[in-house]
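Subject: Structure for you, with notes on the ligand sites

Hello,

Here is the structure we spoke about handing over. Please open it alongside this message; my notes come after it.

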Amino acid sequence: MQTFLVTGGCGFIGTHLVASLLADGHGVAVLDDLSTGRREALDPRAALVAGDVASPPDIAAAIAAAGADRLAGIFHLAAIASVPRCLADPARSRAVNADGTRNVLAAACRPGERSVPVVFASSAAVYGDAGTAPARESRPPAPISPYGADKLSGEHHAASAARRGGGRATALRFFNVYGPGQDPSSPYSGVISIFADRLRAGRAVPLHGDGGQQRDFVYVADVVAHLRAAMARAAATPRAGFDVFNVCTGRAVTLAGLLAALARVLGRSPSVEPLPPRPGDIRVSIGDPAAAAEALGLRAATQLTDGLARLLAPGALSAK
Ligand code: NAD
Ligand code: UD1
């Protein structure tokens, strides 16, 4: 049994990760400011510290709650996860998504002391609008939103802290994650949860732009498998350093194609509420999963129709 700290552990991906760690008998402490996450979504076996990753004392309190001596690693997921929300408040985006990551890494990688590995959520948004070929990690980043820029800045802070402090940091560039537990009631939520919720209720789906936007949708259980494999790899790698891997399928789906797939699974034809294109929106976002497959030994294998069927199972499509 090991003990881990999960920042953002009350959120969509965080609750799935915490459940997976607890199911394997590990101890878990969570640091979450409950801005989008919900206390009730967290398994009561995990210790919750309500606090902010933008505040170093809150991070220290969470590490103390986990038990500094027995802490095996930090999964850092806390962030403002929405492109429009970060555009609306770029200062807070920077404080949480860039400086928050710097703070977590500063606490984990301490020159001359025991460092703990950090695996953290970066984003496909760092690539920006990079064309139709699947993005490899070597592609020069070109973010087009404060969210993407601050995620990239978080990567740079993590890399510099790991090199300087002798620790190990792994950035996972998640593409578009979907699955049970993503709150469909927020306009800042992921497109799949919003579309599925509206379709199931017989309401029009709010579609920004022409529906030709392409995304690489990755099922949340596959994301959790990548997070855990990256932590296992970091723990088994004694040398300090920084790695970055995409978490994606390599398959592109247009929003129009997504709507058709959802309609098939639900047996309903969709009606659309047309909305203007969203500022800061990427047109095409597809990743190349080869580097993660090679280094971590796994692939995001869940097919979209299977993942949608699980999402649409009774009781699954709601904030947990
Ligand atoms: P989420 O909003 O459901 O979860 C984020 C969690 O972090 C929430 O529980 C929230 O309350 C918490 N949080 C936010 N700001 C905080 C702060 N300042 N201090 C402490 N806690 C804070 O989002 P998610 O979809 O679960 O995303 C998790 C991570 O994955 C984020 O870093 C996000 O940027 C990244 N990511 C998500 C996707 C996706 O498609 N969902 C894709 C790429 C990257
Ligand atoms: C998503 C994630 C972000 C992540 C990125 C990685 C969320 C909320 N955001 O951003 O954390 O870093 O993937 O690739 O999970 N759309 C509509 N109607 C809606 C909502 C969205 O048409 O009601 C469209 C958007 O304009 C966009 C697409 O759907 O073209 C996807 O939007 P969204 O789910 O918000 O995700 P991203 O912005 O790609």
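Predicted model: local features only at pLDDT ≥ 70, side-chain atom pairs only at ≥ 80, totals over all residues.

Ligand 1

The shell around ligand 1 holds 28 residues, and the closest are Asp32, Thr36, Asp52, Leu77 and Tyr147. By class, 15 of the shell residues are nonpolar, eight are polar and five are charged. Several elements each supply at least two residues to this shell: the helices α1 (12-23), α4 (90-108) and α5 (146-165), and the strands β5 (118-123) and β7 (176-178).

Tyrosine 147 has a polar side-chain atom 2.7 Å from an oxygen atom of ligand 1. On its own, ligand 1 exposes 830 Å², and the protein buries 92% of that.

Ligand 2

There are 23 residues around ligand 2, with Ala81, Ser123, Tyr147, Pro206 and Asp281 nearest. The shell around ligand 2 divides into 13 nonpolar, seven polar and three charged residues. Both α6 (191-200) and β8 (205-208) supply at least two residues to it.

The contacts I would point out here are with backbone atoms. An oxygen atom of ligand 2 lies 2.5 Å from a backbone N or O atom of alanine 81. For valine 191, a backbone N or O atom is 2.7 Å from an oxygen atom of the ligand. Histidine 208 has a polar backbone atom 2.9 Å from an oxygen atom of ligand 2. Of the 730 Å² of accessible area that ligand 2 has on its own, the protein covers 91%.

How many cavities of 30 Å³ or more does the structure hold? The structure holds one. The largest cavity contains about 60 Å³ of space. Its lining is made up of 13 residues, and Tyr127, Gly128, Val284, Ser285 and Ile286 lie nearest its centre. By class, the lining has nine nonpolar residues, three polar and one charged. Domain 1 and domain 2 both give residues to the lining, so the largest cavity lies between them.

Regards

Conventions:
Residues numbered from 1 in each chain as written. Chains lettered and ligands numbered in written order. Heavy atoms only, no water. Near = heavy atom within 4 Å. Polar contact = N/O pair within 3.5 Å; in protein donor to acceptor, adjacent residues only side chain to side chain. Areas by Shrake-Rupley, 256 points an atom, 1.4 Å probe, with all protein chains shown as cover. Helix = DSSP H or I, 4+ residues; strand = E, 2+ residues; numbered from the N terminus. Nonpolar A, V, L, I, M, F, W, Y, C, P; charged D, E, K, R; others polar. 1 Å grid on protein atoms, 1.4 Å probe; cavity = no way out; pocket = protein on both sides within 12 Å on 5 of 7 lines; lining within 4 Å. Points joined across faces, edges and corners; volume = space filled by probe spheres on them. Domains from an automatic or database assignment.
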